[in-house]
Amino acid sequence: MSDDEIDVRATLTDWYTAMTAHDITALGDALTESFLLIEHDDLLDRAQLLEMLSGEADDVLVADLSDFHVTVHGDVAWSTHRNHEVYTPAVGEPLRLEFLETVVLVRRDGRWLIDRYHATRLSPATL
């Protein structure tokens with residue numbers, strides 16, 4: 001595995017760690033200004049995503065990423081991977097969610113930043 005592939009995986013893993021910690025600054029720092037998320041029937045830009053996540057401070061999301069397939073071509077990389085996620089809302093029961101995700105990253109100033117994020121939910125189930 002190349003250093004770039006390791007760095008791409010680390011960028012994604014660190015992004016989810018920041019999400020679990022509700023670290024909005026770290027979440028934003030990992031995204032390009034042109035970031036776009038496509039998940040379910042939602043289309044969110046950088047500002048919309050960060051605003052949404054800021055409002056979920058009492059919710060807990062824990063992601064477990066696996067089955068990475070990372071391709072690097074110069075200063076662009078993409079990853080497909082699985083996300084085995086447990087989402088616990090402030091009020092309500094925990095949900096176990098399975099996603100197949102595709103993420104496009106760009107290298108800026110020596111750092112990988114997330115530019116496009118697409119997630120397909122494979123199997124929601126209550127715990």
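Four salt bridges are present in the structure, a salt bridge being a side-chain nitrogen of Lys or Arg within 4 Å of a carboxyl oxygen of Asp or Glu. The structure is a predicted model, in which local features need pLDDT of at least 70 and side-chain atom pairs count only at pLDDT 80 or more, while totals for chains, interfaces and linings use all residues. Residues are numbered from 1 along each chain as its sequence is written, and side-chain values use heavy atoms, with hydrogens and water left out.

Side chains of opposite charge can pair when their charged atoms come close. One of the salt bridges is formed by the side chains of D4 and R107, at 2.7 Å from N to O. Because D4 belongs to helix α1 and R107 to strand β5 (residues 95-108), this pair ties together parts that are 103 residues apart in sequence. Helices (H or I, at least four residues) and strands (E, at least two) are DSSP runs, numbered from the N terminus. D4 is partly exposed, with a relative accessible area of 23%, and R107 is likewise partly exposed, at 25%. In these terms, buried means under 20% relative accessible area, exposed over 50%, and partly exposed in between (1.4 Å probe, protein chains only).

R107 also meets the side chain of D75 in a salt bridge, with an N to O distance of 2.8 Å. This pair links distant parts of the chain, since D75 is in the loop between β3 and β4 and R107 is in strand β5, 32 residues apart. D75 is partly exposed, with a relative accessible area of 45%. Through shared partners, salt bridges join D4, D75 and R107 into one network.

A further salt bridge brings together the side chains of R82 and D67, at 3.6 Å from N to O. R82 lies in strand β4 (residues 76-88) and D67 in strand β3 (residues 60-73), so the pair ties together parts that are 15 residues apart in sequence. R82 is partly exposed, with a relative accessible area of 34%, and D67 is partly exposed at 45%.

Aromatic rings were examined next. A pair of aromatic rings is described by the distance of the centres and the angle of the planes. Rings of Phe, Tyr and Trp (its six-membered ring) pair if their centres lie within 6.5 Å; planes under 30 degrees apart count as stacked, over 60 as edge-to-face and the rest as tilted. W15 and Y16 are both buried. For W15 and Y117, the centres are 5.7 Å apart and the planes stand at 55°, so the pair is tilted. This second pair links distant parts of the chain, with W15 in helix α1 (residues 3-20) and Y117 in strand β6 (residues 111-121), 102 residues apart. Y117, like W15, is buried.

Helix α3 (residues 46-54) contains the buried residues R46, L49, L50 and L53. Viewed down the axis of α3, its buried residues fall within an arc of 95°, so they line one face of the helix; the arc is that of the directions from the helix axis to the C-beta atoms. An α-helix has 3.6 residues a turn, so residues three or four places apart point the same way. A47 and E51 are exposed on the other side of α3. The buried residues of α3 pack against α1, α2 (24-29), β1 (31-39) and β2 (42-45), where contact means heavy atoms within 4.5 Å. At the start of α3, a side-chain oxygen of D45 comes to within 3.2 Å of the backbone nitrogen of A47.

E33 is located in strand β1 and is exposed, with a relative accessible area of 68%. The C-alpha atoms of E33 and L113 are separated by 9.6 Å, although these residues are 80 residues apart along the chain.

As to the overall architecture, the protein has three helices and seven strands, with the elements running α-α-β-β-α-β-β-β-β-β from the N terminus on. The C-alpha trace spans about 45 × 30 × 25 Å along its principal axes. Of the 127 residues, 36% count as buried. Among contacts between residues at least 6 apart in sequence, 52% join residues at least 24 apart.

Definitions and conventions:
Polar contact = N/O pair within 3.5 Å; in protein donor to acceptor, adjacent residues only side chain to side chain.
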